[in-house]
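I opened the notebook to look up a few helices, the charged pairs and a surface patch. The entries below keep the order in which I went through them.

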Amino acid sequence: MNGLNYILKRILQIIPVVFIISILIFLMLRAIPGDPARLVLGEKATIESIDAMREKLGLNESYLVQYGKFVKGIVSLDLGTSLTYQRPVIELLRSRVKITLMLTLISTFFSLLISFPLGYYAGKYKDSMFDQIIKSGALAAVSMPSFWIGLLLMILFGVKLRWLPVGGWGDTFIDQIRSLILPGLTMSLLTSALLIRNIRNSVVDISNMDYVDFARSKGISERAVKNRHILRNALISTVTLLLMRMAYMLGGSVIIETVFSLPGIGKLMVDSIFGRDYAVVQALVMLFAMIILLINLLTDIIYSFLDPRVKF
Amino acid sequence: MMRHAKKREIPIWATKPAFIVGIIIVVTAILISFFPQFIAPYDPIEVNSKAILVAPSAEHFFGTDNFGRDVFSRVIWAARIDLQIGVFATIVPLIFGSMMGLIAGYYGGVVDNILMRIIDILMTFPFTILVIVIMTILGQGMRNIYIAIWLVGWMAYAKLVRGEVLVLKNAEFIEAARVTGFSDKRILLRHMLPNVVSSAVVFAASDVVLCMLTGASMSFLGLGVQPPTPEWGAILNEGRAYIMNAWWITFFPGLFMAITGIGFSLLGDGLTDFLRTKGK
C-alpha cells in the first residue's frame, strides 16, 4: 500500500467512531434529568412555550427521527440558538474558537522553546547535577495544579511587577498577544515537562547507538552529529507526543481560560454549564470531539511520514 | 575468596532518597487528614468579622480570607477532603477496571472486542473533558465528582490489566492449572490476579495525583465541592477575587496541593522502580 491509501484507510476508520460519538452526544442531552425543552428554555418558561419548544425540537417524535434531525443539524452547521447570548451557536463558536486556537499555538511555541534545549542538555549530560534538577522540575510540574501556577504567575507578573495584564482579552493584536503570554506559559508547563522527559530519554538512547559512534569516528563535527543524528531522531517521537498533547491542551483550556478570564471555547464551556445553555454545551462537546479526532488523524499521518520504519 | 563475601546491604534510604521523601510526604498528609483538629488552631468555617483579609502573622500563619476565616485551619482541614477524593476516586476504578480487564483478557471474544473498541475511542479524549461532560449531565457536588471520575477512570486499568492477562494466558503455570481442572474463577483470582495486580497498583499511586488534581480543578471551576466546605481547589477559587491584595488565600492551598502531589508522584516513581527491578 502507498501513503495515499494509508491516509484513506485512516479516514475511513474514523467514520464509525464519529457515528458512535454522535450517538453519545445525542444521548447526553437526554440523560440530563428533566425535560430537554425546559432545559433549553430555562426555569421560568411557560407551559405553552415549552410545548412549542418540544414541537420545534421534535421531542414528540421517535428517537430515530430525532437523531436524524440532530445529525442533519450538525452537517448543515445549524446548531441551534444560545439561551444566554440569544445568538446562533455557530456564530458564537466562530468568534471564540480563534482565541483558544491562538492560546494553543502560543503554548506549543513555549513548550518547544523550553523543552528542546533543556531536554537535550539533560540527556547529553546524563546524571549530572543539571539532569537531576531538570528531572525533579519535570516531576514537580506534572504533580502541581495548573490553575495554581497560573495564579502565581498572575500575582508575580500581573499584580506585583505589572508587566502583563492579569486577565481578559485585548482589542489590538499586540494586546491580545500580551494577554496570551501568561496563560500560554501556564499551559505549556505540563507539556514541556512531558516533552523534556521524552527528548532527554531519546537523546540518551540515540547517543549510545552504534551509528552515532560511527559518525563521530568518521570525524564528523560534534555539531553535525547533534543536528543530523541526535536531534533529528529525537524530533520524531517529540512531534508525535506534542500533537497528542495538543488534544489535551483543549481540556486544559477549560481551566486556564477560566483562570485568566479569556473568552475562548474553554471558558464558554464552563459558562454554558453554569448558564444551563445546553445547546452550546452540546455543540462544544461535538467540536472538541471533532478537533481531537482530527489531531489524532494528523498525528498518525505525520508519524508515518516522519518515521520511514512505519509501513503503510 | 571474594566470591563468598556477602554483598553488603545498602539501606534503602541511601539508594532511593526520592522514594523516602515521597513516603514521608504521603504519610504526613495522611496524618494531617486524620487529625486536623489537633493541628488547626481555628474552626475552618468560623467567620470572624474583626479579622478580615489579615496578612500572615503569628496569630494567623497563612492569614485570613474575606470572611475572616483562618486560611491555615482551612488548608489543614481541606487535606481530609482532597486526600479522600484522591484515594477513593482511585480505588474504585482500580478494583473495577482490573476486574474488567481480567475478565475481558481471559475470555476474549466479542465482548472483549466491543469493550476495547469503546475504551479506545473514549480514551482518545482528555480526562478533564470527559469528567466535565459527565459533571454537566450529573450536576454539581462532591458525590458527582466521584461518579464522574469512576466512570472515566476504570478504563485505563482495564486496558493495562487486559494487556498483562493476554501475555500471561499462555504461560505454562496457567496452562497447568487449566489442565488440572481448576475452575475459571479460581484461575482468575488465585493465579492471574496476583501476577497482574502489581502494575495496576503502581499505576494507581500516580493516578491518585491525577484524581486529586481533577477533583480540585472541578471545585476550582465551581462544579465540585461547594463553599464553605474547605477544599484546596475551592479555597483557591474563593481567593481568586482577592488576588490583588490578599495573595495568601490562593498561595497556601496550592502549595499544600503541590507538595502532596509531588509526594504521591515520588511514591509512584519509586514503586515503578521496584517493579522494574523485580521483573529483571
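This is a predicted model: local features need pLDDT of at least 70, side-chain atom pairs count only at pLDDT 80 or more; totals for chains, interfaces and linings use all residues.

Residues are numbered from 1 along each chain as its sequence is written, chains are lettered from A and ligands numbered from 1 in the order in which they are written, and side-chain values use heavy atoms, with hydrogens and water left out.

Entry 1, a helix of chain A. I took helices as DSSP runs (H or I, at least four residues; strands are E, at least two), numbered from the N terminus. Helix α4 of chain A, residues 63–75, has 13 residues and reaches 18 Å from its first C-alpha to its last, close to the 18 Å expected at 1.5 Å a residue; the expected span is 1.5 Å times one less than the number of residues. I listed its buried residues as A:Gln66, A:Tyr67, A:Phe70 and A:Gly73. They cover an arc of only 120° around the axis, which puts them on the same side of α4(A), the arc being that of the directions from the helix axis to the C-beta atoms. On the face turned away from this buried side I found the exposed residues A:Leu64, A:Lys72 and A:Val75. The cover over the buried residues includes α1 (3–31) and α12 (278–306) of chain A, where contact means heavy atoms within 4.5 Å. Just after α4(A), A:Leu77 takes a positive phi of about 60°.

α5(B) has 15 residues and reaches 21 Å from its first C-alpha to its last, close to the 21 Å expected at 1.5 Å a residue. Its buried residues, which are B:Asp112, B:Leu115, B:Met116, B:Ile119 and B:Ile121, pack against α1 of chain A together with α4 and α7 of chain B.

B:Asp120 and B:Lys159 meet in one of them at 2.7 Å, N to O. B:Asp120 lies in helix α5 (residues 109–123) and B:Lys159 in helix α7 (residues 142–168) of chain B, so the pair ties together parts that are 39 residues apart in sequence. B:Asp120 is partly exposed at 30% relative accessible area, and B:Lys159 is partly exposed at 35%. Next I noted that salt bridges with shared partners join B:Asp65, B:Arg69, B:Arg74 and B:Glu238 into one network. Within it, the closest N and O atoms of B:Arg69 and B:Asp65 are 2.9 Å apart, and both residues are buried, B:Arg69 at 3% relative accessibility. B:Glu238 also bridges to B:Arg69, at 3.1 Å; that pair links helix α10 (residues 232–239) with the loop between α3 (36–39) and α4 (71–107) of chain B, 169 residues apart.

Note on methods: A salt bridge is a side-chain nitrogen of Lys or Arg within 4 Å of a carboxyl oxygen of Asp or Glu. Buried means under 20% relative accessible area, exposed over 50%, partly exposed in between (1.4 Å probe, protein chains only).
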